[in-house]
Amino acid sequence: MMFQFVTTSFMFALLGVCVGSFLNVVAYRLPLGMSLANPPSHCTSCNHKLSWLDNIPLFSYLFLRGRCRYCHQKYSSRYFWVELMNGLLWLCCAFRFWQNLFWCSVASLALSVLLTMTLCDFDNLFIPDSLQVALAVVAVLGAFADPSVGIVDRLWGLLGTSAFFVAFYQLAFVMFGREGMGFADVKLMSLLGFLLGWKGAVVAVIVGVFVALVDIARQSFTVTRNSFSKPEYPFAPYLAMGGAVALFFTNDIVGWYLAMFF
């Protein structure tokens, strides 16, 4: 059993790093409407096609010291950190769910989609619909992979989060005359509600909204006074963070909460 655990953890970490390399491509090209396959991987400074030696996740960046082999222009360190982050997320899934490889795989894919949404929203204040479709497919697979959350709980999670965020979306129009959040965030949270079930959805909303309020307040007070008038903040990163916490710790958090009263 220990051998299976170690093997599963290693394989998921390795696959996660490789998938993370692809996520960098998706997050850059998809919002621009570019093909994910053509042109092949190339340096954005000199346009030289990269060889397989230049595309080894993590190691190529370290060996080349974050620079193009051909023109020596520096790459963004985000390429490295996204690969590492995705690898760690997949490793965490292996630690947590290794006894159910189907659910472990679905949870890993869900976190990769959320990470890609985070990058797109952070860069462009925009989440491509194709990523919403990907999350919807993963959420449906989750209904088969994780029998611990019943279909009724998932539907309540879908309907509850949809109603809550649509109400918030409409209320912002009434109060401020503009969107309080993008409708893509509403779709994102609705799909998370189906993936996690209503308990997980509650945890995700509480964590995501709390972290958002704290971070936005920090930016408002520490960056510039003009931050108070900043028109938009990317909200998907906070929802994704809440979703990740709920994915791993919903039962622990709910159990801890109920233990305080019973």
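This is a predicted model: local features need pLDDT of at least 70, side-chain atom pairs count only at pLDDT 80 or more; totals for chains, interfaces and linings use all residues.
What does T8 touch once residues up to four places away in sequence are set aside? The answer is A94, W98 and L101.

Helix α1 covers residues 2-29, and its axis comes within 7 Å of the axis of α3, with a crossing angle of roughly 150°. That angle is over 145 degrees, so α1 runs roughly antiparallel to α3. The crossing of this pair is right-handed. By class, the contact of α1 with α3 has 13 nonpolar residues, along with eight polar and two charged ones.

Helix α3 also meets α8. The axes of α3 (residues 78-97) and α8 (residues 236-259) come within 11 Å and cross at roughly 35°. On the α3 side the contact is made by L89, C92, C93, R96 and F97, and on the α8 side by L247, F248, F249 and D252. Sorted by class, the residues of this contact are seven nonpolar and two charged, with no polar ones.

Helix α8 has a further partner in α4. The axes of α4 and α8 come within 8 Å and cross at roughly 165°. These two helices are therefore roughly antiparallel to each other, and their crossing is left-handed. From α4, the contact takes in W103, A107, L111, L114, M117, T118 and D121; from α8 come A236, P237, A240, A244, L247 and F248.

| Helix pair | Axes come within | Crossing angle |
|---|---|---|
| α1 and α3 | 7 Å | roughly 150° |
| α3 and α8 | 11 Å | roughly 35° |
| α4 and α8 | 8 Å | roughly 165° |

Another threonine to look at is T161, which sits in helix α6 (residues 151-176). Is T161 buried or exposed? Its relative accessibility is 5%, so T161 counts as buried. A polar atom of the T161 side chain lies 3.2 Å from the backbone oxygen of L158. Leaving aside neighbours within four places in sequence, T161 is in contact with W156, M189, S190, G193, A201 and V205.

On to the backbone. Most residues other than glycine have a negative phi, and most peptide bonds are trans. Which two residues does a cis peptide bond join? They are N38 and P39, with omega at about -5°. P39 is found in the loop between α1 and α2 (59-63).

L58 lies in that loop between α1 and α2 as well. Phi of L58 is positive, near 70°, in a residue other than glycine. The relative accessible area of L58 is 15%, so this leucine is buried.

L125 is a leucine with a positive phi too, at about 50°. Where is L125 found? L125 belongs to the loop between α4 (101-124) and α5 (129-145). At 39% relative accessibility, L125 counts as partly exposed, whereas L58 is buried.

Technical notes: Residues are numbered from 1 along each chain as its sequence is written. Side-chain values use heavy atoms; hydrogens and water are left out. Helices (H or I, at least four residues) and strands (E, at least two) are DSSP runs, numbered from the N terminus. Buried means under 20% relative accessible area, exposed over 50%, partly exposed in between (1.4 Å probe, protein chains only). A polar contact is a pair of N or O atoms within 3.5 Å; within protein, one must be able to donate a hydrogen and the other to accept it, and residues adjacent in sequence count only if both atoms are side-chain atoms. Contact means heavy atoms within 4.5 Å. Axes are lines fitted to C-alpha atoms, for helices over the stretch in contact, and angles run from 0 to 180 degrees between N-to-C directions. Ala, Val, Leu, Ile, Met, Phe, Trp, Tyr, Cys and Pro count as nonpolar, Asp, Glu, Lys and Arg as charged, and the others, Gly among them, as polar. Angles under 35 degrees count as roughly parallel, over 145 as roughly antiparallel, 65 to 115 as roughly perpendicular and the rest as oblique. A crossing is left-handed if the near helix is turned anticlockwise from the far one by less than a right angle, and right-handed if clockwise.
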